[in-house]
Each structure stands twice: as structure tokens, then as C-alpha cells.
Amino acid sequence: MELHQWWRHIIVFLVNTWIPSCFAQTTPPARSSPMPTPQTADNLDTLKFRLSGFPRKHNEGRIEVFYKGEWGTICDDDFSLANAHVLCRQLGFVSATGWTHSAKYGKGAGKIWLDNVQCSGSETSVSVCKSRGWGNSDCTHDEDAGVICKDERLPGFVDSNIIEVQVDENRVEEVRLRPVVTMATKRMPVTEGVVEVKNKDGWAQICDIGWTPKNSRVVCGMMGFPHEKKVNKNFYKQESKIKAITKTSSKPKRGKSAAAKRLYAERQKNFFLVHSVACLGTEVHLAACPLEFNYGNATESCPGGMPAVVSCVPGPLYTQSPTMKKKLKMPPTTRLKGGAKYGEGRVEVLKGSEWGTVCDDRWNLVSASVVCREMGFGSAKEALTGASMGKGLGPIHMNEVQCTGNERSLWSCRYKNITAEDCKHTEDASVRCNVPYMGYEKTVRILGGRTRYEGRVEVLHTEANGTLRWGLICGEGWGTQEAMVVCRQLGLGYANHGLQETWYWDSSNVTDMVMSGVKCTGDEMSISQCQHHRTVNCQKAAARFAAGVICSETASDLVLNAQLVQQTTYIEDRPLHMLYCAAEEDCLSKSAASANWPYGHRRLLRFSSQIHNIGRADFRPKAGRHSWVWHACHGHYHSMDIFTHYDLMSANGTKVAEGHKASFCLEDTDCDEGVSKRYECANFGEQGITVGCWDLYRHDIDCQWIDITDVKPGNYILQVVINPNYEVSESDFTNNAMKCNCKYDGHRIWVHNCHIGDSFSEEAEKKFEKYPGQLNNQIS
């Protein structure tokens, strides 16, 4: 009985002390979550966060979480900007400006602590966001998420016990090749030199003891080169000997070789910051390789060694030797489309004879680097997803590509074939590659504009006596393609407009014209590579008529629905009395002028045109609405003089009939799911084609035809070209043409094999051109 009483006292004491203290504890607010177990206060106290990876700034990186005594990562599945906001605040920043996927900052190690994280953005900790629960993930480290935080700290944020932002003074971020031979310093690109890494005190060397070709491969990839080659180390050992000699002598002794004198002029004291580099060769950055940093007296820390030297093999675009250029150039099985610069774009691969895209599932830097090197560039800077460089056309050939990094072609990597429900073109994969530094941006500038994206073009001109001066470019004949080259050269994206008058940007004292007659294909790396007059010949030589540009980070991209043309083509004999308006708009062949109006008819080849904008900016007419021309006959405004060319051609490319179509009205007829229409012609409305929308010109409207009244029976090629005069900027002009095979027997027409001009291989296109195979185009 006494024992019973004793236990009762114990229980009452515990109830009076333990229960109130439980209710007094602070707990996180309850919320619906797929987490299998709620987080306890003890668990939350142990959470720490840090930014890791490469290459990165202090406010960005792979997000890592310390939980239950172990660092781990977060998977990018369902990741969003809202998640990034929460994590950046926990790191001590005010907010996030972006986030990254597919291990952009390199793959982490250990646990993947969180997966399918879904925050609203207002949470105080990622631990209260929805997720699959701690340690429950079906991801690999290829899918590690990263965040980019706004470089502004939260006021009064000092809680370093909770948050750990990884800051290491000894990290490899910038790497360069320093050419040693004097002549090599003036030649671009630099393909050989001493490998140097930047630290807080300047540039330092890497000890070459244990240095391997795999290390060189990684460095060359960072420099924009696809391959490495063996270095003549004896040449550089001579440099080391010279340095040893010159430690006690301020001048080299007489009799030294010319090479020694050149090297003597270039010598500098070595500071070995890094040693024991052990790359696999598949890394995209030297910082991803195992390596060690020197401490203490780094000038004496490479006994028996010398600074690491690398020699790289440039791709076809950057090699100086015509023989090597020819040797390196092979029929491509991969290409990049839609990018503003060389070395970036939507990835397309050739299967059979047809080009198609790559789905972005599991797309990462390793696979992107295989593409970059295959294209003659270096390793990948970015592996982009979600049709970042615009949507492709036609088939999607590959999904879930997984490369090891050693493959010579993307086709050598593991991948899955596509089924209809797997991927759409909104998931097309893209890349940005490391490309060699050429210094082109130093030879051109634009001045006087309201922003750095616009202004009058000035080029650096070398006089006969070797002096340099800025001169203007004559605006006569200057257009979109020329402006494209300048914008690319300056790294400012695409050209919105090429301007022939720039009187409103007259803010420079440069008045001399040094270039005229400039004609570019649009693919040149520098404006100096374009055709131009040997001697300046400019009719309007005043500065107000100098060339100008307006650049933009994005551009439209128009393509024609080739299958719709094939499905809707037919012949109509249309009475002349119904064609007065068409004749006024020059939509009939020349022989119509001598016809017996209003009697008789014209034979018309009719078809529908559905023009899609698959780019990243709306397609807008170059001319403002104040200069649109009203056409009373059809009751509409023309915003562009010529919007499309329609041609019927013989096997050898000779036009046998032609038509053209002014832009009756550019508008959004319909759009992809989730995209809203923005342009319509009614009531003098704004004209254009929104990204993700299309403009439909039905087969039964005026001028939607080719007049084939005078065409004889035979085999022909039907060609339609959109924006033929390059009046409006596009990210890709190569897909503006569509071709079909035609067979006309004098009464009926058969149209087949309609396709966009660059959708087949070069070999298939050659066969297509030869298809008719008859010299006289007559059917016997």
C-alpha cells in the first residue's frame, strides 16, 4: 500500500512539470505535407546549409544541407524559384534570382536529402515545405539542384551557427593559358602555354609532377578546344634552365640562342599554387578534378618539376591551317541551331537522313560536353533544358541521354528512343560551349544609343603606317545580316535592326568612313570577315548616314508547316474578272498584263500557308504602323512589302513561275496550349506573330497562289521562302525555305516530299535537287 502511494506521488509530479513544459516549446506551424514523419524541434536545430560547386560566385552554387550529422544535396525534381527563395533566405540572402538543375555546379556526394520539394516561397525553412521526406529520393547526383541568390544580405543576419556558406580562399575558378614564345602572344587563339590559375594575389602555376593528358584534356576543354596534343617539354625545360641562370645574372650571356632570348624576355617567377592534379578527363572544369593546394613557400614546392604546360588542338572554325581545316571537317551528325553565338544552340542530331532534336530528360553537362567537343568546341559551360534556344521541328530522336564523357559522338552514348507521350519540343535540349577567346569584341564598338544594345557602329581601322583609329561604316546597303555579325561580335545577342541612318545617335567625334559596301552572309565571326570595298566608296559620306544596330538577347524564328502545304495544294482556273485586285498587287505572272481582260482565266496553283513562330521573341514588322500602306481593293494594311516568295522551279533551279505575298496582315490565328493571342488585324490592330502562335493564310484568299498559266507539263520543285529579304530579324534564317516535289501533267498536279529546307542531310538534299531527272521537263 505504501509503495502504491509512492508511485502516485511520482506520477503527479511528472504531470505537473513535464506537460506544461511541452506546451511551452516552440513548434513549427502544422501544414499538409507528404513527409512521412513530422520534423521535431531537435531535428530542425541541426540543419545547416551551404553553397558548393564550381565554377561559381559566392552567392550561387549547389545547395547542400547538413542533417543528422551528414551533408547532402537536394534533387531538382519539382524544384522552383519559390524553393530557391526559401533556401536563399536561410543562407542569409534577401531572395533568389534563379535556380539551376542537372548538377550545373557539379555533382555532389553522399546523401540526397530532399526530393520533390514544393515551397510556396513564404516558409521560414525548407523543412516545412512539402517533399518526399528526409532521405527518400529516386534521384542521382546528376540531378542536384543549385540556387542563385540576390547579392544582398539580410539586415542583421549573423547566425553563422545555423548557416554555413562554404567560402574557401583556395579554389580554382579562373584558368588561362599563358603563351611563352613572344610570337604566340600576338596570335589568336592561344593554343599552347603555361597553365595558370587565378588566386587572390594574381596568377599562379601548377606543378607538372604527375600531370597527365587527361588533365590537359580538361584544360583544353575550358579554353574552347576539343582535343589536346603532346607538348615538346624540352622547349619549356630550356626556359626553366634560363630562369635558373638568370637568378644570379640580370642579363643573359652572349651566345645564347634566339629561343633563349625570346624566353628570357617572357620569364617570370613561378608560384606553384596547385599540385597533384588527377583528372579523369571528363570533367568540365579543373576545379572538379582531385587536386591539392600548396601552403607556405609555394615558389619552392615543385622539386624536380616545372609549370604544367598544355597544347590544344583547335576545331575547324579556329584553326589557321587550311589543310588542317579540311582534315578536321567531316560530315556532321550533330548541329546547333538557334543560338546567337558560335558554340551555343538547340542540339539536333541526324538519324538516317533526317535531323531531329534531343529531349532534355537527364540532360547534363557531361552529355552536353560530348556535343560541344563533337562540334569542334571545348567542354560545355551550360546544359540547357526547356527549349531555351527555341523549339525544334520534326522528330525527337533521343531521350534520357547518358554519356560517360569520353564518347566521340552523342550517338555513342546510352539513350532511349522516343514514344509519342515521352517528350514534346518544349523539352528540347540546348548547350552553351566553351569557345576560344579571339578578341573580336576589341575591334568594334557601338556608341550613342540609349542602352548598350544600340548605337552607331565604329570599327578599329589600321592605317598604312600601322596607326589605329576608329572609323565609321557607310550605311548604304547595310541591313539585318550585317547587323547580326556586329551584335554577335560584341556578345549582344541577335540584331533587331540594321540601320542606314544614325543622325539621332550623333554623340561621337568620329566622322570618317573607313568601310563601305559591306555584305555579310550573317555567319561571320567579325565584321572584318564580311565582303567590303577595298577603297571606301560611299555616296552619302556624312556621319549621319553611318551604319547602326539595335541588338537583342532574343529573336523570333518563323517556319512553315510543310505538311499543310502538301495536303492543301490544288489547281484552280480563276476567271480574270475576279482577279483585278490580285493584278493590282502584282500577284499574277507577267503574261497576265497582255490577257484579254475581263475574259479568259488564269491557272493558279493554290495552297495554304501556316507560319509558326518557334523562336524566343515575337515577330513584328520592321515598319511602324504609321508607315503601313492601306490597300483599298482588299481593305487591309500592308505592314511588309514582301512577306513570302512562292516559286516553281525546274530541276536546275531556274524559276518557271513565281508569286509573292505582301503581309496582308500578321496576326495570331491560333496558339499552342497555354499561350494567349496578342496580335489581330481588326480595327487597325497591332500586327505580329507571338511566340508559340501561328498565322494561317488559307488557300482560298487572294495571292495565296502561284500563277502557272504559262507552265508546261513536267517535274518541278515548289519552293516557299518566308521573310526572303531578311526585313525582320530571326534567330535562324536557314529554316525559312520549304521545298516540295511536284509533277504536273497539264491538268492535275501531284505534290509530295514537302519539307523545311534544312531538315534533311546534305546528301539527301543533293538527291532531292536531282529528283526530276529530265532535261526538258516534258512528259512524252
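Tutor: What follows starts with the core and moves on to strands and backbone.

This is a predicted model: local features need pLDDT of at least 70, side-chain atom pairs count only at pLDDT 80 or more, and totals for chains, interfaces and linings use all residues. Residues are numbered from 1 along each chain as its sequence is written, and side-chain values use heavy atoms, without hydrogens or water.

A nonpolar core joins buried Ala, Val, Leu, Ile, Met, Phe, Trp, Tyr and Cys residues through side-chain atoms within 4.5 Å; buried means under 20% relative accessible area, exposed over 50%, partly exposed in between (1.4 Å probe, protein chains only). The largest such core holds 32 residues, and Phe 643, Leu 648, Leu 718 and Met 738 have the most contacts inside it. Among the elements that each supply at least two of its residues are α10 (562-568), β38 (714-722) and β39 (737-744). Helices (H or I, at least four residues) and strands (E, at least two) are DSSP runs, numbered from the N terminus.

Take Leu 718. Beyond its neighbours within four places in sequence, its contacts (heavy atoms within 4.5 Å) include Val 565, Leu 605, Leu 648, Ile 706 and Met 738.

Now the open sheet. Its 3 strands run β28-β29-β37, paired antiparallel. Pairing requires at least two DSSP bridges. β29 (residues 601-606) and β37 share 3 bridges, and Leu 604 faces Asp 707 in β37.

Last, the backbone. Asn 723 has a positive phi of about 50° though it is not a glycine. This residue lies in the loop between β38 and β39 and is buried, at 2% relative accessible area.
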